[in-house]
Amino acid sequence: RKACKTADIFARESSHTARVKVEPGDGLSPSHAIVAATSSETGDNVAQIDANVEGDPIEIAFNVKYMADVLSVIDTPQVALETNTAMEPGVIRPVGDNDFLHIIMPMQFGR
């Protein structure tokens, strides 16, 4: 939640777009997620978050304001973000609570 709220400060100029890069561990480094946003006026914000990653690395652009909104109503200390590709919707679920499900659409970003 904190990483998304901070990224939103930097992402306001770009329609609240932040990149979420998910990296599985490789034996030398643990798996993690990176939330990054850029502003031409205030600079860059990059936050690395510990994560349990299943699958291949992926980078997705989301509206970080929407992510922060959904994370603010989830009470569990861990959440799951599930997706298959960078252009498919993501599913956000609280870990251990099967009664809540949130769908978040990806945004396009230039490489």
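A pocket, as the word is used in these legends, is an open set of grid points with protein on both sides within 12 Å along at least five of seven lines, and its lining residues have an atom within 4 Å of a point. With that in hand, welcome to a short tour of this predicted model.

**Figure 1. The largest pocket and the residues around its centre.** Lining this pocket are 33 residues, and those nearest its centre are A51, N52, V79, A80 and L81. Two or more lining residues come from each of α1 (2-11), β1 (17-23), β2 (32-39), β3, β4 (58-63), α2 (64-71) and β5 (79-82). Strand β5 gives the largest share, four residues. The volume of the largest pocket is about 1,100 Å³. Sorted by class, its lining holds 21 nonpolar residues, together with six polar and six charged ones.

**Figure 2. The whole chain, for orientation.** Here we step back to see where the close-ups belong. Two helices and eight strands make up the list of elements in the chain, and their order from the N terminus is α-β-β-β-β-α-β-β-β-β. The radius of gyration is 14 Å, close to the 13 Å given by the globule rule for 111 residues, so the chain is as compact as a globular protein of that length. Along the principal axes, the C-alpha atoms fill a box of roughly 40 × 35 × 25 Å. Of the 111 residues, 33% are buried. Among contacts with a separation of 6 or more, 49% join residues 24 or more positions apart. The chain exposes about 7,200 Å², with carbon and sulfur atoms supplying 49% of this area.

**Figure 3. Q48 on strand β3.** This view turns to Q48, which sits in strand β3, residues 43-50. Q48 counts as exposed because its relative accessible area is 55%, and the cut-off for that class is over 50%. Setting aside neighbours within four places in sequence, Q48 is in contact with H32, A33 and I34. A3 is 45 residues away from Q48 along the chain, yet their C-alpha atoms are separated by 8.2 Å.

**Figure 4. A86 in the loop between β5 and β6.** A86 belongs to the loop that links β5 to β6 (90-94). With a relative accessibility of 22%, A86 is classed as partly exposed; the buried class would need a value under 20%. Once residues up to four places away in sequence are left out, A86 touches I58, E59, I60 and P106. For a sense of distance, the C-alpha atoms of A86 and D8 are separated by 20 Å, and the two residues are 78 apart along the chain.

**Figure 5. S15 and H16, two residues with positive phi.** Backbone angles are the topic of this last view. Most residues other than glycine have a negative phi. S15 is not a glycine, but its phi is positive, near 55°. H16, also not a glycine, has a positive phi of about 65°. S15 is located in the loop between α1 and β1, and H16 has its place in the loop between α1 and β1 too. At 46% relative accessibility, S15 is partly exposed, given that the exposed class begins over 50%.

Methods: Residues numbered from 1 in each chain as written. Predicted model: local features only at pLDDT ≥ 70, side-chain atom pairs only at ≥ 80, totals over all residues. Heavy atoms only, no water. Buried < 20%, exposed > 50% of the residue type's maximum accessible area, 1.4 Å probe, protein only. Contact = heavy atoms within 4.5 Å. 1 Å grid on protein atoms, 1.4 Å probe; cavity = no way out; pocket = protein on both sides within 12 Å on 5 of 7 lines; lining within 4 Å. Points joined across faces, edges and corners; volume = space filled by probe spheres on them. Nonpolar A, V, L, I, M, F, W, Y, C, P; charged D, E, K, R; others polar. Rg over C-alpha atoms; globule rule 2.2 N^0.38 Å. Areas by Shrake-Rupley, 256 points an atom, 1.4 Å probe, with all protein chains shown as cover.
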